[in-house]
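Keep the view open while you read.

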Amino acid sequence: MGYIDMHSHILPGMDDGSRSMGQTLRMLETAVSEGITTMIATPHNMPGKGCPPGSVVRRKVDELRRTVEQEGIPLEIVAGTEYYYREEVLDILDSEDAVTLGSSDCVLVEFEPLAERNYIRNALRNILGLGYRPVIAHVERYAKLMEDTAVLGDMRKNGILVQVNAMSVTGDNGRQAKKDVRNLLKKGLVDFVATDAHSDGRRAPYMQKCADILHRKCGIAYADALLFGNAGEFLL
């Protein structure tokens, strides 16, 4: 079974990710070589990085799908969006313009790195109240949550899902991120591992090194759930 990368910035010219179709194709070639068979394109919806309407995201995904098929790249491309939480997001999610992860009711949401725990908790409750299931993007970035992981455990009991970045598992995002992610994994508080790829360079969609670590440290069953099983169940 191939890996499902449920957080990536592969749509060209949409945000601070891929700058061109050429770069996107190089990213996708890397993804294939890393064992990835499905990528959910999650462009930022964030002031300063881009706030594309849902209709544009879907159209760009369709265009990329056609290019991938023409190029013979064995990858499935799925639509999504990474929403930076603010009041406006609730209006977007309460409209037909919302873009969930794949065919699911899950919404990928990120926060300011120093956001307070109560702010994050209330935001996620607001999203739950609209009938969506929030997925916290790269949770290891939120210092206040990392200070008290019991709060994160309570959130998961209420239906929140949690994603961490592959580069944090491997240590390529720094020692603290690696320590925090390993702690979350030990406690079983992670649902997805994704690349959060932004380029064909350092932040390319690398997954295999992370997968090897997960299988060694977490066991085959949990590692497979993180790499493709949960995404297949919850998102596609």
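Predicted model: local features only at pLDDT ≥ 70, side-chain atom pairs only at ≥ 80, totals over all residues.

- Three strands make an open sheet, ordered S1-S2-S4, with parallel pairing.
- Strand S1 (3-8) and S4 sit at the edges with a single partner strand each, so one side of each has no neighbour in the sheet.
- On average, neighbouring strands here are turned by 20 degrees against each other, if you ignore direction.
- S1 and S2 run parallel and are joined by four bridges; Tyr-3, for instance, has Ile-36 in S2 as its bridge partner.
- Helix H2 packs on this sheet and touches S2 and S4, and its direction makes about 180 degrees with that of S4.

**Helix H1**

- H1 covers residues 21-33, which is 13 residues, and its first and last C-alpha are 18 Å apart, close to the 18 Å expected at 1.5 Å a residue.
- Its buried residues are Gln-23, Thr-24, Leu-25, Met-27, Leu-28, Thr-30 and Ala-31.
- Those buried residues pack against strand S2 (36-41), helix H2 (54-71) and strand S4 (76-79).
- Just past the end of H1, Gly-35 has a positive phi of about 95 degrees.

**Helix H8**

- H8 runs over residues 175-186, has 12 residues, and reaches 16 Å from first C-alpha to last, close to the 16 Å expected at 1.5 Å a residue.
- Ala-177, Asp-180, Val-181, Leu-184 and Leu-185 are the buried residues of H8. They sit on the same side of the helix because they cover an arc of only 135 degrees around its axis.

**Asn-165**

- You'll find Asn-165 in strand S8. With a relative accessible area of 2%, Asn-165 counts as buried, because the cut-off for that label is under 20%.
- Its side chain makes a polar contact with the side chain of Gln-163, at 2.7 Å.
- Leaving out residues up to four places away in sequence, Asn-165 touches His-7, His-138, Glu-140, Arg-141, Asn-173, Val-193, Ala-194 and Asp-196.

Key. Residues numbered from 1 in each chain as written. Heavy atoms only, no water. Helix = DSSP H or I, 4+ residues; strand = E, 2+ residues; numbered from the N terminus. Expected span 1.5 Å × (residues − 1). Buried < 20%, exposed > 50% of the residue type's maximum accessible area, 1.4 Å probe, protein only. Arc of directions from axis to C-beta. Contact = heavy atoms within 4.5 Å. Polar contact = N/O pair within 3.5 Å; in protein donor to acceptor, adjacent residues only side chain to side chain. Pairing = 2+ DSSP bridges. Axes fitted to C-alpha atoms, helices over the stretch in contact; angles between N-to-C directions.
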